[in-house]
Amino acid sequence: MSTQEKNNPHCKHPMENRSGENGETNRRLNLYACVSVMAASILSAIYGYEVGVMTGALLFIKEDLQISDLQLQFLVGIFHMCGLPASMAAGRISDYIGRRYTIILASIAFLSGSILTGYSPSYLILMIGNFISGIGAGFTLIVAPLYCAEISPPSHRGSLTSLTEFSINIGILLGYMSTFFFEKLRLNLGWRMMLAVPAAPSIALIFLMLKLGESPRWLIMQGRVGDAKKVLLLVFNTKQEAEQRLAEIKTAVGIEPNNTQEIVQVPKKTRHGGGALKELFCKPTPLVRRIMVAAVGLHVFMHLGGIGVILLYSPRIFEKTGITSKSKLLLCTIGMGVMKLVFSFISIFFMDGVGRRILLLISSGGVTVAILGLGICLTMVEKAVVNLFWAPWFTIVATYIYVGFMSIGIGPVTWIYSSEIFPITLRAQGLAVCVAVNRIVNMAMLTSFISIYKAITMGGCLFALAGVNVLAFWFYFTLPETKGRSLEDMEIVFGKVSKTEVQTSEA
């Protein structure tokens with residue numbers, strides 16, 4: 001492929017224009033890539049379970065340990081607070097030891113945390129266990145989408161990478177179901193069983209990842225071109241396409257495409273991601289700056305839009321309308337989990353067809369309308385002198401609509417988009433910055449929500465969230481589309497850069 005073709009965003013790759021049997025072969029879903037992504041997505045499911053199970057477990061933890069609302073906020077907050085340093089460390093660690101072994105480290109953290117929280121004879125031990133699980137969460141949010149994006153072929157990258165979000169939603173639903181079934185046990189045993197469940201899949205994932213391949217892009221960053229080629233031959237359906245991607249990745253890393261050596265010496269800075277944070281913050285090019293604003297903005301608006309507080313504090317929202325039975329509250333949260341699961345599953349089929357940007361706009365519009373309706377309903381409930389018989393049903397439906405629209409677009413696209421747009425040498429640590437921001441905003445929302453709604457009412461909080469989602473709609477409108485393009489094409493697709501800029505960035 002000529003330099004002009006490579007740097008022209010409107011010029012299709014020859015492989016993409018091919019028709020007939022070979023073209024159909026290239027577009028067919030690759031089994032090895034699918035299995036690798038599904039295995040990594042188990043980690044996302046464990047994370048989702050940790051988030052979902054805490055929603056119901058808090059009701060029983062508070063009663064059993066006799067702790068205050070403030071202590072509950074700290075218990076929830078420490079899980080997300082630990083994700084902040086863990087996510088920053090995970091980016092650098094995954095550049096040092098690889099994506100696969102970082103997944104194993106995250107599994108070990110979840111295993112240790114679930115054992116401690118399942119045992120937890122006191123609030124202190126429960127906090128320590130949740131702290132360790134939070135480290136696993138920080139690692140998960142970096143390495144799961146990163147590994148999936150780097151091992152997936154371009155034609156199915158959106159769908160395959162969205163499996164991480166789908167798996168989170170499976171985990172959340174399983175967490176909701178766990179609270180419903182284990183609540184039938186005696187008080188001091190039920191919630192501990194809920195929190196101990198992730199130990200089993202964590203052990204299984206450790207052994208499974210030892211059998212699967214490493215990210216080919218990380219292998220080339222280490223100069224292990226021969227090993228990378230073996231993995232690419234497994235994840236692409238034709239040898240020709242695998243060799244074409246190999247040449248593109250080598251060029252992006254700074255290795256001559258015509259170099260046939262299996263082991264190539266690359267600078268230590270490239271191997272271990274040295275200087276990445278400096279390039280992201282201190283001396284960013286206009287292209288890198290645009291990428292950073294887009295990636296970080298997606299994570300900020302996702303949590304400022306309220307998804308974390310709606311998921312965690314939905315029982316309190318339902319209680320405001322008159323639903324007080326614990327069993328009914330848990331059933332409502334299970335229904336919410338079903339909505340997340342169904343709509344995130346639907347998004348898989350649209351991610352590479354409709355595209356990321358359109359899904360963001362549809363999702364943002366639906367979320368804004370739903371949360372505005374929820375705010376109006378809660379305001380009327382708070383001002384009513386008698387019970388409004390329709391309020392519980394309206395609140396449940398509006399909440400489910402909110403969760404559905406969030407899960408079909410903003411939820412999965414945020415992770416897919418931010419894991420695919422960074423240049424290869426900045427990708428792990430760029431995503432780490434995004435996750436750090438994600439954790440900061442999420443922790444701030446979760447630890448302050450109770451105090452804020454007590455000060456300005458629940459309805460006031462929901463109106464504020466609706467306003468944030470209107471701003472988010474405008475932000476999503478400014479983003480470029482990335483569907484169907486290779487990771488090595490993102491500088492052209494995203495930055496709309498000139499031929500000269502691309503050649504300079506590759507030099």
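A: Helices (H or I, at least four residues) and strands (E, at least two) are DSSP runs, numbered from the N terminus. This is a predicted model, in which local features need pLDDT of at least 70 and side-chain atom pairs count only at pLDDT 80 or more, while totals for chains, interfaces and linings use all residues. Residues are numbered from 1 along each chain as its sequence is written, and side-chain values use heavy atoms, with hydrogens and water left out.

Q: How many helices and strands does the chain come to?

A: The chain has 24 helices and zero strands.

Q: And how many of the residues count as buried?

A: The chain has 507 residues, and 60% of them count as buried. Buried means under 20% relative accessible area, exposed over 50%, and partly exposed in between (1.4 Å probe, protein chains only).

Q: What about contacts between residues 24 or more positions apart?

A: Among the contacts in the chain with a separation of 6 or more, such residues account for 83%. Contact here means heavy atoms within 4.5 Å.

Q: On to salt bridges: how many are there in the whole structure?

A: A search of the whole structure finds eleven. A salt bridge is a side-chain nitrogen of Lys or Arg within 4 Å of a carboxyl oxygen of Asp or Glu.

Q: Which residue forms a salt bridge with Arg245?

A: Arg245 pairs with Glu241, and their closest N and O atoms are 3.9 Å apart.

Q: Why are Arg245 and Glu241 separated by about one helical turn?

A: Both belong to helix 13 (residues 239-253), and because they are four residues apart there, about one helical turn separates them.

Q: Are those two, Arg245 and Glu241, buried or exposed?

A: Arg245 is buried, and Glu241 is buried as well.

Q: Which side chain meets Asp352 in a salt bridge?

A: That is Arg356, with an N to O distance of 3.1 Å. Asp352 is partly exposed, at a relative accessible area of 21%, whereas Arg356 is buried at 0% relative accessibility. The side chain of Arg356 also meets Glu420 in a salt bridge, at 3.0 Å from N to O.

Q: Where do Arg356 and Glu420 lie?

A: Arg356 is in helix 19 (residues 356-383) and Glu420 is in helix 20 (residues 391-420), so this pair ties together parts that are 64 residues apart in sequence. Glu420 counts as buried, with 0% relative accessibility.

Q: Which residues are linked in a network of salt bridges?

A: The network links Asp95, Arg99, Glu150 and Arg427.

Q: Where is the place of Glu150?

A: Glu150 sits in helix 7. It is buried, with a relative accessible area of 1%. Leaving aside neighbours within four places in sequence, Glu150 is in contact with Arg99, Ser215, Pro216, Arg217, Trp218, Arg427 and Leu487.

Q: Staying with helix 7, at what angle does its axis cross that of helix 8?

A: The axes of helix 7 (residues 123-151) and helix 8 (residues 157-182) cross at roughly 160° and come within 9 Å of each other. Helix 7 is therefore roughly antiparallel to helix 8. Axes are lines fitted to C-alpha atoms, for helices over the stretch in contact, and angles run from 0 to 180 degrees between N-to-C directions. Angles under 35 degrees count as roughly parallel, over 145 as roughly antiparallel, 65 to 115 as roughly perpendicular and the rest as oblique.

Q: Which residues in helix 7 and helix 8 meet?

A: On the side of helix 7 they are Ala144, Pro145, Cys148 and Ala149, and these meet Arg157, Thr161 and Thr164 in helix 8.

Q: Turning to loops, where is Leu29?

A: Leu29 is in the loop between helix 3 (20-27) and helix 4 (31-65), and it is partly exposed, with a relative accessible area of 42%. Apart from neighbours within four places in sequence, Leu29 is in contact with Cys34, His156 and Leu160. The C-alpha atoms of Leu29 and Ser152 are separated by 9.6 Å, although these residues are 123 apart along the chain.

Q: What is the phi of Gln66?

A: Gln66 has a positive phi of about 55°, although it is not a glycine. This residue lies in the loop between helix 4 and helix 5 (69-97) and is exposed, at 63% relative accessible area.

Q: And what is the phi of Thr457?

A: Thr457 is not a glycine, yet its phi is positive, at about 80°. Thr457 belongs to the loop between helix 21 (427-456) and helix 22 (458-477), and it is partly exposed, with a relative accessible area of 36%.
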